[in-house]
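Hi,

Here is the structure I promised to send over. Please have a look, and then read on for my notes.

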Amino acid sequence: MRILALESSGLVASVAVVDGALDGKDAQTIAEYTVNYKKTHSQTLLPMLDEVVKMTELSLDSIDAIAVAAGPGSFTGLRIGSATAKGLGLALDKPLIPVPTLEGLAYNLCGTDGIVCPIMDARRSQVYTGIYRFEDGIHLTVLEDQMAVGIEELGERLKKYGEQVTFLGDGVPVFREVLEERLMKGCRISFAPANMNRQRAASVGALALLYYQQGKSETAAEHKPDYLRMSQAERERKERMERDSVSM
């Protein structure tokens, strides 16, 4: 099975082509183009896709499905990735495989012992996160589903497991010091190396192979990003409406 994977949920934009059997054991990355630079995903994602297609002499008709990092993450980035995946899916008549952002990020560390905990900076002292473990070296087990929580609460949740924890994601530079010196002090923790600590479309594609086998696909028309929480504009609108209702 051949999958085109898109990842634009965070600071990184990434496109990959992944090929393999549905059990994921012999999956290989045919191509991956990843950029972590000061440009918007609207400027980078389609040109990256075009370059991957040219370099691999890929006919888009030959892909079997389109995998997309489905959220949470940057609201703008998710919309760009979703719109691109939906457009391709509709044009090519291909199914979409939505991969939860934190699960795709955790899959960077496939085979890691102990707990894998991706953290994305969600502002307001919160992180987008989930708590995961790998079984049989390849199967991702969700211990706690992706969520938006305060970093203090996350520390308390992790300490209950009493296991080695490996952190990764753009939240690491923001919260590493507080994790090491206070929240996880005395616990066994480590941090992913630089080449594995950000979103990668290849991981989204590899995980999508397993999810497609499990029936976790949808039509392009059905797909919607999972924002997990309201945007700042939506929160401010809700607060105004609540204040207005109280004053009436």
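Predicted model: local features only at pLDDT ≥ 70, side-chain atom pairs only at ≥ 80, totals over all residues.

Residues are numbered from 1 along each chain as its sequence is written, and side-chain values use heavy atoms, with hydrogens and water left out.

**The sheet**

Five strands make up an open sheet with mixed pairing, in the order β3-β2-β1-β4-β5. At its edges are β3 (28–35) and β5 (96–99), each with a single partner strand, so one side of each has no neighbour in the sheet. On average, neighbouring strands here are turned by 15° against each other, direction ignored. Strands and helices are DSSP runs numbered from the N terminus (E, at least two residues, for strands; H or I, at least four, for helices), and two strands pair if DSSP finds at least two bridges between them. Between β2 (residues 13–19) and β3, which run antiparallel, there are seven bridges; A16 stands opposite E32 in β3.

**The helices on it**

Helix α1 (residues 41–56) lies across β1 (2–7), β2 and β3, at about 30° to β2. Helix α2 (residues 75–92) lies across β1, β4 (65–69) and β5, at about 170° to β4. For these angles, axes are lines fitted to C-alpha atoms, for helices over the stretch in contact, and values run from 0 to 180 degrees between N-to-C directions.

Which residues of α1 are buried? They are H41, T44, L45, M48, L49, V52 and V53 (buried is under 20% relative accessible area, exposed over 50%, partly exposed in between, with a 1.4 Å probe and protein chains only). Seen down the axis of α1, these residues fall within an arc of 160°, so they line one face of the helix; the arc is that of the directions from the helix axis to the C-beta atoms. Their cover includes β1, β2, β3 and α2. On the other side of α1, S42, L46 and K54 are exposed. Just after α1, E57 has a positive phi of about 55°.

**A buried loop residue**

Q199 sits in the loop between β10 (189–191) and α6 (201–213). Q199 is buried, with a relative accessible area of 2%. Leaving aside residues up to four places away in sequence, Q199 touches E7, S9, G10, V12, T34, T101, L105 and M120, where contact means heavy atoms within 4.5 Å.

Best wishes
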